[in-house]
Amino acid sequence: RKRRAHGYEEGGLLRGNKQMSPDRGEGHGEGTLLLGGGDKEQKHGRHISGWFGAAMIICANLMGAGVLALPSVMKHVGWVPGIGFIVVFGGGAIYSGNLLLRLWSLADHSTKYGDLGRAAYGEAGHHVVNFVCYLYISIVTVVFHLATTESLQTIFYDTGGSVCQWQYSLAVIALVVPLAQIRSLGHVSYLATVGAGTIVVTVVIVVSRLLAEGRVPGAH
């Protein structure tokens, strides 16, 4: 089957590989569908992130809560179900990522997930996708804040004295607020690279100690 490539005009809907626009008909222009290139790169300039930066952001997001919690999850569900879930969810992630890439390539005026929702399902899709994205971001922010607060309290447990958890929480806020002012995705990717690196170093240290010293008595 011969492939058709069409651009996406803002305000139109994508149907299959075509765009149905109420104002301008079918999509326009071939050759502008490359990820991270063409009109998008010229429009957003330094605010976009390259493949490596985007990969670091995803890795930092997944490894922070995922990799460190994986041993506990595998302990409770077992090796076979645990590996099975990893394979199934990994396949689902690859499939959904492929769909996002195809939609992003067609909707070349999109800059965020809400725009992709509008391209696929109209205004209703735009509002639903935005709601889900911002709800997810809000919940994850709370979870990461609590996890960081508890980790900080654990680190200084012996020397913290009478310092309460809410005081550690304020310390975390003071550390995060300046970083939260970064608006460029390219700059965020630099922080994500550092974050991913610290997780990798932590895992390497833990595995090295396990290999060198063996299982700690009484540990699960």
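**Notebook: salt bridges and helices**

I started at Arg 118, which is buried at a relative accessible area of 16%. My cut-offs: buried is under 20% relative accessible area, exposed is over 50%, and partly exposed lies in between, with a 1.4 Å probe and protein chains only.

The model is predicted, so I took local features only at pLDDT of at least 70 and side-chain atom pairs only at pLDDT 80 or more, while totals for chains, interfaces and linings use all residues. Residues are numbered from 1 along each chain as its sequence is written, and side-chain values use heavy atoms, without hydrogens and water.

**Salt bridges**

I then looked for charged contacts. I called a salt bridge when a side-chain nitrogen of Lys or Arg lies within 4 Å of a carboxyl oxygen of Asp or Glu. The count by this rule is 4 salt bridges.

Which side chain does Asp 115 meet in a salt bridge? I found Arg 118, at 3.3 Å from N to O. Both residues sit in helix 4 (residues 113–155), and because they are 3 residues apart there, about one helical turn separates them. I take helices from DSSP runs (H or I, at least four residues), numbered from the N terminus. Asp 115 is buried, as is Arg 118.

Arg 118 also has a salt bridge with Glu 123, at 2.8 Å from N to O. Is Glu 123 buried or partly exposed? I read 44% relative accessibility, so Glu 123 counts as partly exposed.

Next I checked Arg 209. Its salt bridge is with Glu 213, and the closest N and O atoms are 3.6 Å apart. Glu 213 is exposed, at a relative accessible area of 54%.

I also traced shared partners. Lys 112, Asp 115, Arg 118 and Glu 123 are joined by salt bridges into one network.

**Tyr 190**

I stayed with helix 6, where Tyr 190 has its place. Tyr 190 is exposed, with a relative accessible area of 57%. I also took a C-alpha distance from Tyr 190 to Ala 54: 9.9 Å, for residues 136 apart along the chain.

**Helix 3**

Last, I looked up helix 3, residues 79–106. This helix has 28 residues and reaches 41 Å from its first C-alpha to its last. That is close to the expected 40 Å; the expected span is 1.5 Å times one less than the number of residues. Which residues of helix 3 are buried? I listed Gly 82, Leu 103, Ser 105 and Leu 106.

Definitions and conventions
Helix = DSSP H or I, 4+ residues; strand = E, 2+ residues; numbered from the N terminus.
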